[in-house]
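Subject: Handover of a structure and findings

Dear colleague,

Please find below the structure that I am handing over to you.

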Amino acid sequence: MSLEDPLLAVLVVSDRAARGEYEDRGGPAAEDWLRRVVRPPVRILRRIVPDGCETVAAALRDLADDQGADLVLVTGGTGPAPRDQTPEALEAVIDKALPGFGEAMRLASLAEVPTAILSRQGAGIRGRTLIITLPGKPSAIATCLDAVFQAVPYCLDLIGAARIETDPDHCVAFRPQSPKT
Ligand SMILES: Nc1ncnc2c1ncn2[C@@H]1O[C@H](COP(=O)(O)OP(=O)(O)OP(=O)(O)O)[C@@H](O)[C@H]1O
Ligand SMILES: Nc1nc2c(c(=O)[nH]1)N[C@H]1C(S)=C(S)[C@@H](COP(=O)(O)O)O[C@H]1N2
């Protein structure tokens, strides 16, 4: 593995997991999904922060700007409760929103559970980093990523992030054309 390899980050947003009140299952679930679907070599980095606009925004700035992550998956804090502020943090740090991600992920989750409509999950671009926010429920991670990941490699191409390849047994990446130079 080298510093040239794509850097994929997983940011877990959870008050209780950050305090150690329960064992984090979201981080391992997201990392396992990435290891299954994205072909090596890749570097995967994991962080846990408590809920809150500032905590999440600061972690996203660090992962994107200082660590140079190509992709950040955030899990947790997308709901309507007062402490759920991940969408506000996303909005504060991104240059561009990609609303299609939230729409497709909610549609997939609604087929499983009616309360999926409560998640304000989404995605956006900061510099050369794609950030995707997912619900905190560990089981939601695969549902949501399965619904959108086909478009992620091409999105990374378009923003000038690292090129990633997927295992076609799990996800057939769709690249309609070479990105504009
Ligand atoms: N990182 C995690 N690890 C394990 N289970 C989680 C995690 N995040 C969420 N969950 C589970 O999913 C449920 C819904 O997630 P949600 O983000 O709404 O949690 P919450 O009630 O805000 O609590 P917290 O922020 O302390 O995790 C939680 O009550 C918990 O059972
Ligand atoms: N696939 C899936 N999506 C889901 C859920 C779920 O269990 N499965 N839970 C929903 C619920 S109950 C809430 S409140 C929102 C927000 O969750 P978060 O605050 O943990 O991000 O995600 C929703 N999306």
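In what follows, a residue is taken to be near a molecule or strand if its C-beta atom, placed from the backbone, lies within 6 Å of it. Of the 17 residues around ligand 1, the nearest are S14, D15, R16, G26 and G136. The model is a predicted one, in which local features need pLDDT of at least 70 and side-chain atom pairs count only at pLDDT 80 or more, while totals for chains, interfaces and linings use all residues. Residues are numbered from 1 along each chain as its sequence is written, and chains are lettered from A and ligands numbered from 1 in the order in which they are written.

The two ligand shells

Helices (H or I, at least four residues) and strands (E, at least two) are DSSP runs, numbered from the N terminus. Helix 1 (residues 15–19) supplies the largest share of the shell around ligand 1, namely three residues. For composition, Ala, Val, Leu, Ile, Met, Phe, Trp, Tyr, Cys and Pro count as nonpolar, Asp, Glu, Lys and Arg as charged, and the others, Gly among them, as polar. On that basis the shell around ligand 1 holds five nonpolar, six polar and six charged residues.

Ligand 2 is surrounded by 18 residues, of which T78, G79, S109, S119 and G136 are the closest. Here the largest share, three residues, comes from helix 6 (residues 138–148). The shell around ligand 2 divides into five nonpolar, ten polar and three charged residues.

S109 belongs to helix 5 (residues 99–110). A residue is buried if 20 or more other C-beta atoms lie within 10 Å of its own, exposed if 12 or fewer, and partly exposed in between, with C-beta atoms placed from the backbone. S109 counts as buried because it has 24 C-beta neighbours inside 10 Å. Contact requires C-beta atoms, placed from the backbone, within 7 Å; apart from neighbours within four places in sequence, S109 is in contact with A116, S119, A140, T143 and C144.

The sheet

Two strands pair if DSSP finds at least two bridges between them. Six strands form an open sheet with mixed pairing, in the order 2-1-3-6-5-4. Strand 2 (43–49) and strand 4 (96–97) are the edge strands, each pairing on one side only.

Strand 1 (residues 7–13) and strand 3 (residues 71–75) run parallel and are joined by five bridges, with V10 opposite L73. Strand 3 is also joined to strand 6 by five bridges, again in parallel, and L73 stands opposite I132 there. Strand 5 and strand 6, by contrast, run antiparallel, with five bridges between them; R126 has T129 as its bridge partner. Their hairpin has two residues between the strands, and G127 in it takes a positive phi near 55°.

Strand 6 is mostly covered, six of its six residues being buried. In a regular strand the side chains alternate between the two faces of the sheet. From strand 6, T129, I131 and T133 point one way, and L130, I132 and L134 the other way.

A further backbone feature

The peptide bond from P40 to P41 is cis, with omega near 5°. P41 lies in the loop between helix 2 (26–37) and strand 2. Most residues other than glycine have a negative phi, and most peptide bonds are trans.

With kind regards

Conventions
Contact = placed C-beta atoms within 7 Å.
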